[in-house]
Amino acid sequence: MKMMMTKILKTKSSASLIIVAAGNSTRMGGKKKEYLPLNSGTVLSQCISSFLEAYSFKNIVIAIPAGGQKDAENAIFSDSSIKPLLKDTALILTEGGKTRQESVFKALQTVRLQRESECKNVKDDFIVLIHDGARPFVTKKIITDTIEAAEEYGASVPALQPVDTQKEKDENGFISRHLTRENLAAVQTPQGFLFSRLLDAHKKAAEDGKNYTDDTEIWGKYCGKVKIVDGDSINKKITYPSDIPQQKPDVKKESKMLRTGLGYDLHKLVEGRKLMLGGIEIPFEKGEDGHSDGDVLLHALTDALLGASGMGDIGSFFPPEDQKWKDADSKMLLKTVWNKITEKGWKLENADCVIALEKPKFIPYRQKVIESIATILEVQSDQIFVKAKTGEKMGKIGRSEAIEVWATCLLSK
């Protein structure tokens, strides 16, 4: 098997994507449809960008014709937006086979080789998506719905209910069976699966001598049922020249999901402890009294992010009664939670925090704190803001007996 590395980087995501583009496009008059111009690049580059804008993939493997690496790279990188989108993703070109089934099998083996090159103890419980390179207008909703359903059920596929009444015909061209339209589904891609089980199923399919039309058929024979999620008519497969639109369809017609989160935390200030805010040590004679390092700002922000994503709270992830979190670095705690949130497809639009603190003055350290949080969350510093208020010498805040933080955030998906 020939594997051509175009770019390899490590990323926190566990999902892989296979794009099948190894055909010869005979119905396009000899022109390879995946390489035809579309918008600011090509059909293939539009396909790749649709996935990268929707989800963070560990790697993307593209099955291409033998000897076609240069043509494929030209088609991909003709769009200047692709390289920035690939900052955390491995892009691998691999030679396909004579059939779609062979191409997918080879690509699955390439995924295995690439993961083993990074880590010998490869975990097989990750999701792999299989997508046709001639479907450039796949929506973010289809991508995330397919991943989530595959995680829950093991296999999933987007599909549409046929508009026309369907009939089955015999070899002589007569209707042999009247089908119930409500029970039919016209499947699309991407199709999502648990990787190890799909790879094993493809191994068996390669030996049984049967030609399968898609991966759900292989999964259905050797693994079980496939969950259907809603497809979209915009996610059409380009087959003929007339299928390429003059203008890009509105792939963002579905509204973006927005969620807000609110976090709050309060800690005593005591002598003998460091004052940690946003992962930065602030010089002061007192610090937060807490089970971990006491970083009240990061704790409140962590709760806000978990609340917005609907994934729990900081106590459910890091119970205070568990001694392994004693004096834990709150930057690590936030990073652990944020990795899990982004794996679900969430992105941070902005976060805003208020610190109630009498002393010391926060303004001299604000920019360092903002940059520290932005680094942890891998976002731009202008997406984070932190401000401080005093207690006007009243109450526990005004007496420098405690520090209090409120944090809000806006996530999108």
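My entries on these follow, and I keep in mind that this is a predicted model.

Entry 1, cysteines. I looked for disulfides and counted zero.

I found H11 at residues 366-377, twelve residues reaching 17 Å from first C-alpha to last, close to the 16 Å expected. Which of its residues are buried? I noted Val369, Ile370, Ser372, Ile373, Ala374, Ile376 and Leu377. I recalled that an α-helix has 3.6 residues a turn, so residues three or four places apart point the same way. I then asked what the buried residues of H11 pack against, and the list includes helices H8 (296-309) and H10 (330-343) and strands E18 (347-356) and E19 (384-389). Just after H11, I saw Glu378 with a positive phi of about 55 degrees.

I traced an open sheet of five strands in the order E17-E14-E20-E18-E19, with mixed pairing. E17 (286-288) and E19 are the edge strands, each pairing on one side only. The twist averages 20 degrees from one strand to the next. I also placed H8, which packs on the sheet and touches E14, E17, E18, E19 and E20; its direction makes about 155 degrees with that of E14.

I counted eleven bridges between E14 (residues 258-271) and E20 (residues 402-412), which run antiparallel. Cys409 turned up again here, as the bridge partner of Gly261 in E20.

Terms used: Residues are numbered from 1 along each chain as its sequence is written. This is a predicted model: local features need pLDDT of at least 70, side-chain atom pairs count only at pLDDT 80 or more; totals for chains, interfaces and linings use all residues. Side-chain values use heavy atoms; hydrogens and water are left out. A disulfide is a pair of cysteine sulfur atoms within 2.5 Å. Helices (H or I, at least four residues) and strands (E, at least two) are DSSP runs, numbered from the N terminus. The expected span of a helix is 1.5 Å times one less than its number of residues. Buried means under 20% relative accessible area, exposed over 50%, partly exposed in between (1.4 Å probe, protein chains only). Contact means heavy atoms within 4.5 Å. Two strands pair if DSSP finds at least two bridges between them. Axes are lines fitted to C-alpha atoms, for helices over the stretch in contact, and angles run from 0 to 180 degrees between N-to-C directions.
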